Amino acid sequence: MNSLVGSEALIQVRDLKVHFPIRRGLLKRQVGAVRAVDGVSFDVRRGETLGLVGESGCGKSTTGLAMLRLLDVTSGSIIFKDHDLASLDQTELRESRRHMQMVFQDPYSSLNPRMTVGSIIIEPLNVHKIGAPGERRERTQELMKLVGLNPSFINRYPHEFSGGQRQRIGIARALATNPSLIVADEPISALDVSIQAQVVNLMADLRKDLGLTFLMISHDLSMVRYISDRVAVMYLGRIVELGDRDPVFDTPRHPYTRALLSAIPTPNPKLERTRKRIILQGDVPNPSNPPAGCHFHPRCPLATSICKEAAPLLRNLSSTVSQSDTPHFAACHHA
């Protein structure tokens, strides 16, 4: 996997595994494990937006939470600013967390309803002891203005705002400590369609103006194509394809990626009627008992005997499909 490492990488994830134990019986003995993330490796380059996509239950949100150590890591490494986050104790982890923040999916449940907007945004500054009290309040007002909120609303409560405004509050809180990395977990899925574009454009502008790096987790492929520089596709705890946005969307190399993209509706009714959908057979396997070999082989139209026996490596196929030197990785024996 050394070919995945870039000198410009801000964070490097290597062979990350997050398994949740299954316990049964009076003594709660472990009888198995749900392999939510099962050996994931990728980089997030400094200043880019990496889109992480896949159907519900594939492990993409768990990957984002584990990267920030909001979930315990079973094994693997997460290298951020020359430190392995997976091995840091709580004191060291707190210092690192000021440089990486998260925007959560639900803009209401992620905000304390008993705290004012000002208290919510200023809390990271208080925790990390950044600036004097007066400077913290001034910083809070600047952040509200930065995300498009009226600073005079600083003493209002979350229930007094719309869904889009609450997500802006969550973004302002994430920006408070001047982080270099933001993990955005489905940041627009709970918003009205009319508001989604505003929030996406806000995040794109913040990335450009502040030099931020984003990991954008989503199942909305249209949004991912709009905002991302590179795209990683997950299936049942593993990354099956990784590359620059346009090659992944225009010339997907993995059959699962092709099936995902075929589900995107076309706005032209005539083309939509003639478009051929790829309908996958069967259900997603149980992550506590995934198939041997390639996890996708029970539903894959290209599967052969080798797919049932050996797990394919994530390998660079760019030299085999084009003259481009840009890496395009796929984990498929028949890619």
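**Pockets, sheet and backbone of the predicted model**

In the second largest pocket, the lining residues divide into 12 nonpolar, 3 polar and 3 charged. The structure described here is a predicted model. Strand 2 and strand 10 are the elements that give two or more residues to the lining of this second largest pocket. Strand 2 gives the most, with 4 residues. In total, 18 residues line the second largest pocket, and those nearest its centre are Gly-39, Arg-238, Ile-239, Pro-312 and Leu-314. The space in this pocket amounts to about 330 Å³.

The largest pocket has a volume of about 510 Å³. Its lining is made up of 16 residues, and Leu-70, Arg-97, Gln-101, Pro-124 and His-128 are the closest to the centre. Two or more residues of this lining come from each of helix 2 (90–97), strand 6 (100–103), helix 3 (117–127) and helix 5 (163–175). By residue type, the lining of the largest pocket comprises 8 nonpolar, 4 polar and 4 charged residues.

Strand 2, which contributes to the lining of the second largest pocket, is also part of a sheet. This open sheet is formed by 4 strands in the order 2-1-4-5, with antiparallel pairing. Strand 2 (29–45) and strand 5 (83–84) are the edge strands, each pairing on one side only. In general, the strands of a sheet pair through backbone hydrogen bonds, in either a parallel or an antiparallel manner. Strand 1 (residues 9–24) and strand 4 (residues 75–80) run antiparallel and are joined by 5 bridges. Within strand 4, Ile-78 is the bridge partner of Val-13. Helix 1 (residues 60–67) lies across strand 1, strand 2 and strand 4, and runs at about 115° to strand 1.

The backbone was also examined for positive phi values. Most residues other than glycine have a negative phi. Asp-15, a residue other than glycine, has a positive phi near 50°. Asp-15 lies in strand 1. With a relative accessible area of 41%, Asp-15 is classed as partly exposed, because this value falls between the limits of 20% and 50%.

Leu-236 likewise is not a glycine, and its phi is positive, at about 50°. Leu-236 is found in the loop between strand 9 (230–235) and strand 10 (238–244). The relative accessibility of Leu-236 is 5%, and the residue therefore counts as buried, the cut-off being under 20%.

Technical notes: Residues are numbered from 1 along each chain as its sequence is written. This is a predicted model: local features need pLDDT of at least 70, side-chain atom pairs count only at pLDDT 80 or more; totals for chains, interfaces and linings use all residues. Side-chain values use heavy atoms; hydrogens and water are left out. Two strands pair if DSSP finds at least two bridges between them. Contact means heavy atoms within 4.5 Å. Axes are lines fitted to C-alpha atoms, for helices over the stretch in contact, and angles run from 0 to 180 degrees between N-to-C directions. Buried means under 20% relative accessible area, exposed over 50%, partly exposed in between (1.4 Å probe, protein chains only). On a 1 Å grid over the protein atoms alone, a cavity is a set of points where a 1.4 Å probe fits but cannot get out, and a pocket is an open set with protein on both sides within 12 Å along at least five of seven lines; lining residues have an atom within 4 Å of a point. Grid points are joined across faces, edges and corners, and a volume is the space filled by probe spheres set on the points. Ala, Val, Leu, Ile, Met, Phe, Trp, Tyr, Cys and Pro count as nonpolar, Asp, Glu, Lys and Arg as charged, and the others, Gly among them, as polar.
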